[in-house]
Amino acid sequence: MNNIGKNSFDIGRMDALAAGDSLLHRLDPRAKLITTLVFIVAVVSFDKYALSAILPFFLYPIALISLGGLPYNYLLKKVLIVSPFAILIGVFNPLLDREILFHIGSVGISGGFVSFLSILLRFVLTVTAALILISLTGFNAVCESMRKFGVPKPFIVQLLFFYRYLFVMTDEADRMVRARSLRTFNSGTMSFRIFISLIGHLLLRTLDRAERIYRAMCCRGFDGHFYLIRSMKIRVPEIIFMSGWVSLFVLFRCTNVPLHLGTLITGIVP
Amino acid sequence: MHMADALISPLVGATMWATTAGLIGYSAKKLKDEADDRKIPLMGVLGAFIFAAQMINFTIPATGSSGHLGGGMILAILLGPYAAFLVMASVLTVQAFFFADGGLLALGCNIFNLGFFPCFLAYPFIYKKIAGENPTQAKIATGGIIAAIVGLQLGAFAVVLETVFSGISELPFQTFVLLMQPIHMGIGIVEGLISAAVVSFVWKARPEILNSAQGVASIVKVDMKKLLLGVLIVTLITGGALSWFASSNPDGLEWSMFRTSGKEELETSEKVHASLANVQGKTAFLPDYGFKKSEPKPEASESPTWPAVDPGTSVSGLIGGFLTLVLAVLIGIVLKRRKIKSLPER
Amino acid sequence: MTHHIVEAIDLHYTYPDGTVGLNGVSFRVSHGESVALVGENGAGKSTLLLHLNGCLTAAQGTLRIGDYPLNSKNLNEVRRSLGMVFQNPDDQLFMPTVFDDVAFGPLNFGMTKDEAKQTVLRALETAGVGHLAKRPPYKLSQGEKRSVSIATVLAMSPDILVLDEPTSSLDPRSRRRLIELLKTFEHTKIIATHDLDMALELCERTIVLHGGCVTADASTQEILQDEAFLHANSLEKPLCMQKISLWDPNKIPHHTHHHSDYTHKK
């Protein structure tokens, strides 16, 4: 499978996860969206040398993955593969900020090293939270809840269209790329000229498709308005879910739980 | 390049979210005013096209590396700035959710960096000026290439500013600029060549498509200055309000931390450090971002947070941190067990 | 009472690039008839279908759908009474879920949400895909997509059904299910197709298009047995007739088996 196929397969897989039927899947998408956003803001609001204080936040992804029956390995792999950018930028910190922040035994730990680790922790947490949201909720439901929160309708509707045709277009691109590579012998490389013609044709097909879709819509009475029948309700489970997690986040954010824990232990065992 | 959640402060994230949300709202309203029923499905499918096309790579001659499409400029040329901006926002949203490209908090930054500049600056003020009302192939090519390069340069510069203002990365402003701008010069040239070539391809095959887009685009030109002013105001007000909030609730510990590290860096003779401290000095109110430390003061002084220099606390932190992780994992395992047990019953 | 007829009188249409689409097409399909529209690629089938639902307007000639001569004023009523199933289900199914898609038409035509809900479930049941309501369209098989496409149209309770290549890219079993489903509909049907076996089975009458003109309009049996005529129109005898002609030209096989599980699909 080439790159394109893999990516659309990947999205398909997350979509399949979202079709699950756990207690968490059944929660109103808005509850999950809000909790996720609070989580992310809480995590990134730590100062740049925060390390141990961030750790309790791992409870959230771990608990949700377990309760939602999501595959640990798969999500972990996704986190590891993506965004070298954070690491790329963060890796300069140990080089630039060499001021020793504290010692473990005789080894001095520099501020840059701590802040680099902190970046990595934030990265893993925020990325995992977003992946979990989608895997438990599905993209369409997330869009619909954004609509409920007042995101303009034209934006949401075209976003839903985009998601619907993402699979169709990636399949089409995939077929074109495969057809080309089967007829070339230096299959690894593609020249600019071929590339443009490929993209250009893909674009023309896209425009034709848009026209056909529009026709199909008109044939069923489309007049510029979209109606979606959705019954979203915030009930007791949603309130428990949101208030429970949010108060935990506040607790974790305001007190350094691991530090207290550690002080307790080192106090007992000198 | 995508900004990542891990690199930005909530202040920067929130400011850019507010700005982007405003732009999305405004663009959606403009789209409604255009009242072109055809556009919504077209936008969706074009977004899917950009998404798919971004995955196709070609080989850049003599470098061994590969290039691919970004898409902002092509979208702007085909759809006009407002619709193009919304489509770009959608593409980035899906990438943030599924491939964790960037992240949710950084999504505002990313939409701004990769959508605002090509759609609202490079397109109307460069591409349109060069391509004009009666485009020829040469004009389309020149306009497309220059506009794409400028769009990406501005986007890259925005990445630098957002990172530096966030203060999570230690990369000093100058170094970062010297790193990002040339890289994005290369990316911009590639993007420009692709945009120009693809648009010319469509123009040759189906000129009427571009002509209709031109028609739409000429209507919107008038509002552009108002829009830019609006963006500037929203950004300044949000950023200003949030940083006022941040500075009115300063956390004593962090302020002093920041001061000392800044001073010591000045003392070191290394140039990079000096310039970093310089930039930090200028932007001092920003890196100490808001939303912080809602904990009561006395407690904060009793139990200093992590970056305390007391070795005893560090060891406690390490042990405690380790224990916390073990606990979290244990909870996970228990929850998973319970779930598996309860499965057959359902 | 509405008469579910389709009548075309001397339709002409030329595409902007100069390609002639229709060159004087006339026919009349009356209430309850089932008509196959056949012809080689580029003969004008799709162009004609796009006229039937008002997506294209003929440069010359008139078109009557039901009681109305088609014009921009009654376009919406015509589109409601003439349900069009497009060739590619991916073009027809554009909403997030199957349910939303089937509800699209009814909601646009002003049904309340509760009415629409009932209608959607009924249409999905009729098309034998009630179990797919919550699924996103891209997760469906070709056969399922086709059935859902038909449900999207049924939900608008049309009088006339127009189908463009309904059996294309279906596996044999899905094709069979579809044919059996279409047999149960009492609507006036116009089916554009290359699947002449299906035409023979479903449609008593066939209209042949060639180069934008009607070259034949007669009973399906009659047309499909005239080898010389078929050859001249780039067509071929349906497979079942080719085989049978070796033994007994008068006996056409009737497919009656294995359609029982259509509505009971897992």
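**Chain A and its two interfaces**

Modeller: The area buried between chain A and chain B is about 9,900 Å², with 76% of it given by carbon and sulfur atoms. Buried area is the accessible area (1.4 Å probe) that two parts lose on being put together, summed over both. The size of an interface is often given in this way, as the accessible area lost when the parts come together.

Before going on: this is a predicted model, in which local features need pLDDT of at least 70 and side-chain atom pairs count only at pLDDT 80 or more, while totals for chains, interfaces and linings use all residues. Residues are numbered from 1 along each chain as its sequence is written, chains are lettered from A and ligands numbered from 1 in the order in which they are written, and side-chain values use heavy atoms, with hydrogens and water left out.

The contact between chain A and chain B takes 116 residues from chain A and 114 residues from chain B, where contact means heavy atoms within 4.5 Å. Between these two chains there is 1 salt bridge, a term for a side-chain nitrogen of Lys or Arg within 4 Å of a carboxyl oxygen of Asp or Glu. The salt bridge joins the side chains of A:Glu211 and B:Arg38, at 2.8 Å from N to O. Helix H11 (residues 192–219) of chain A provides the largest share of the side of chain A that touches chain B, 20 residues. Helices here are DSSP runs (H or I, at least four residues), numbered from the N terminus. By class, that side of chain A has 73 nonpolar, 29 polar and 14 charged residues. Ala, Val, Leu, Ile, Met, Phe, Trp, Tyr, Cys and Pro count as nonpolar, Asp, Glu, Lys and Arg as charged, and the others, Gly among them, as polar.

Now the interface with chain C. Here 30 residues of chain A are in contact with 32 residues of chain C. The two chains bury about 2,800 Å² between them, 59% of it on carbon and sulfur atoms. In chain A, the residues that lose the most area to chain C are A:Arg164, A:Arg220 and A:Ile229, together 32% of what that side buries. The rule finds 5 salt bridges across the interface of chain A and chain C. One salt bridge links the side chains of A:Arg212 and C:Asp91, at 2.4 Å from N to O. H11(A) gives the most to the side of chain A that touches chain C, with 8 residues. The residues of this side divide into 17 nonpolar, 4 polar and 9 charged.

Technical notes: Helices (H or I, at least four residues) and strands (E, at least two) are DSSP runs, numbered from the N terminus.
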